[in-house]
Amino acid sequence: MRRASAPLRAFPRPVALAVLLPLAALLPLAALPAAARAQGTAPAGAADTNRIVAVVNGDIVTANEVTNRARLFALNAGMGPNPDVLARLRPQVTRLLVDERLRMQEVQRRRIPVADADVAAAVAEIEGRNGMPPGRLAQQLQSSGVQPRALYDQIRNQIGWSRLVRQQLGAQGQISQARVDEYIATHNARIGEPEYLVSEIFIPVDDPAAEPEVRRFVDDVVGQLRAGVPFPAAATQFSQSQTALQGGDMGWVRADEFDPAVADVIGRMPSGAIANPVRVPGGFQIVALRQKRETGRDLATLVSLRQAFFGFSSPLDPQAPTQQQLQAVERARALEGKSCPAVEAAAQGGSRPADPGGPLRLDGMQPPPLRNIVASLAVNRASQPLITPDGVLVIAVCSRETRNMAELTPDQARLIILRDRIELTSRQLQRDLRRRAQVEMRS
């Protein structure tokens, strides 16, 4: 083999991860950290496990359910399931499970089906987008001290509630062309005004007596977010807004689309900041500002990619690569300069998808070395091998175009209008369920 004794120069690990592992929109559950698995606490005794912490219209919520959901969030957020973390999460997790029980009761009362196959399909999507083989997600949860049912129940609730809200919308779920035209005209009249890419977490306050406790919780969430907990993980687990299904992503919005108090905060925030909780009608809103731009003006270079990844069977020592690692490099080297179909064919049967999704915005690619490589590639000609600690990556740019990303299409306008109607209906329905419910909280 050529240059068998030469050391391998490793490209930084984030190159592979940034392109190869897009996370699921429904539940952004990344691979669970080894440190978190090591910190798993011993199972609680049977008496504590079966202890009733709430009764919701006759249905019970147990301490075991609360503990499992708290561990699920802590692990997903990379916080580690230590006792202090779980204790801080327990009050809000209990409240969240009460709300979920109310939602599922209403889903069942209206006989809206959520089949096991629906839940299995969502789990398979999470595994697929994280490069996991079937069944690996449940194994990881179990090894971390989390019962998989904690995740399955959450997915089932999200699917059922989404279907219920859309059913509740009825005719309001059909957006007329006249309404779309009106929305686009309003948008175009504001070209040049500030626009913000925002993520949110909405925590409701249904009982004024519970507001101090909710405030303490949202303050703790903000502290954890600023310490590095991924915003999508926190939003998916705790937000009661419909945007929770997208990890809290609200998309591009103008200041006048927020509550005035939130709009004032966003207007003064730098990109990348997370605001303190803001009291709004119905609860608290936490917002993260990701980017700013002018309405209607956002030129960007978009690329579509194909990639082939040849994994290493053992950790890489650049000074003493194994025979398998050298063979992987040779397979990658054979693709250099080849076309996109050739790269896609080489990726078949591999552990990473040939198409990382797209088109992808070039200026948003991370880390910068990857962005520079993609920017320099000719269209339809594969890159030289990019060696990472896990394997060898080859990338090909299949298309490159400049587009105004702020231009509002009729389909986008229709989705925005529908999203707002879904959000309003969801909050109203949740408030009605809470108002009619008989909920007994137990210590």
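I took a residue as buried when its relative accessible area is under 20%, as exposed when over 50%, and as partly exposed in between, with a 1.4 Å probe and protein chains only. On that scale, buried residues make up 48% of the 443 residues in the protein chain.

**Entry 1. Basis.** I am working with a predicted model, in which local features need pLDDT of at least 70 and side-chain atom pairs count only at pLDDT 80 or more, while totals for chains, interfaces and linings use all residues. Residues are numbered from 1 along each chain as its sequence is written, and side-chain values use heavy atoms, with hydrogens and water left out.

**Entry 2. Overall content.** I assigned secondary structure from DSSP runs numbered from the N terminus, with helices being H or I of at least four residues and strands being E of at least two. The protein chain comes to 16 helices and 11 strands. I next looked up contacts, meaning heavy atoms within 4.5 Å. Of the contacts between residues at least 6 apart in sequence, 79% join residues at least 24 apart.

**Entry 3. Helices α4 and α5.** Two packed helices are described by the angle between their axes and the distance between the axes. I used axes that are lines fitted to C-alpha atoms, for helices over the stretch in contact, with angles running from 0 to 180 degrees between N-to-C directions. Helix α4 (residues 63-76) packs with α5 at an angle of about 115°, their axes being 8 Å apart. That makes α4 roughly perpendicular to α5, a label given to angles of 65 to 115 degrees; those under 35 count as roughly parallel, those over 145 as roughly antiparallel and the rest as oblique. I recorded the crossing of α4 past α5 as right-handed; the near helix is then turned clockwise from the far one by less than a right angle, and a left-handed crossing has it anticlockwise. On the α4 side the contact includes Val66, Ala70 and Phe73, and on the α5 side Leu89, Val93 and Leu97 are among the residues involved. By class, the contact of α4 with α5 has 10 nonpolar, 2 polar and 6 charged residues. For this I counted Ala, Val, Leu, Ile, Met, Phe, Trp, Tyr, Cys and Pro as nonpolar, Asp, Glu, Lys and Arg as charged, and the others, Gly among them, as polar.

**Entry 4. Helices α5 and α10.** How do α5 and α10 lie to each other? The axes of helix α5 (residues 83-109) and helix α10 (residues 211-226) come within 10 Å and cross at roughly 125°, and the two helices are therefore oblique to each other. The crossing of α5 past α10 is left-handed. I found Arg88, Leu89, Pro91 and Gln92 of α5 making the contact with Glu213, Phe217, Asp220 and Gln224 of α10. This contact of α5 with α10 has 3 nonpolar, 2 polar and 3 charged residues.

**Entry 5. Glu106.** Is Glu106 buried or exposed? Glu106, placed in helix α5, has 5% relative accessibility and counts as buried. Leaving aside its neighbours within four places in sequence, I found Glu106 in contact with Leu164, Leu433 and Arg436.

**Entry 6. Salt bridges.** I counted a salt bridge where a side-chain nitrogen of Lys or Arg is within 4 Å of a carboxyl oxygen of Asp or Glu. By this rule the count comes to 30 salt bridges.

I looked up Asp153 with Arg149, whose closest N and O atoms are 3.1 Å apart. The two are 4 residues apart in helix α8 (residues 149-169), so about one helical turn separates them. Asp153 is partly exposed at 28%, whereas Arg149 is exposed at 59%.

For Asp256 and Arg190, the closest N and O atoms of the salt bridge are 2.2 Å apart. Asp256 lies in the loop between β4 (249-253) and α12 (260-268) and Arg190 in the loop between α9 (177-188) and β3 (194-204), so the pair ties together parts that are 66 residues apart in sequence. Asp256 is partly exposed at 45%, and Arg190 is partly exposed at 24%.

Glu440 forms a salt bridge with Arg442, at 3.1 Å between the closest N and O atoms. Glu440 is partly exposed at 41% and Arg442 is partly exposed at 39%. I also noted that Glu195, Arg293, Asp298, Arg361 and Asp363 are joined into one network by salt bridges that share partners.

**Entry 7. Gln348.** I located Gln348 in the loop between α14 (340-347) and β8 (360-361). Gln348 is exposed, with a relative accessible area of 55%. The C-alpha atoms of Gln348 and Phe309 are separated by 9.8 Å, the two residues being 39 apart along the chain.
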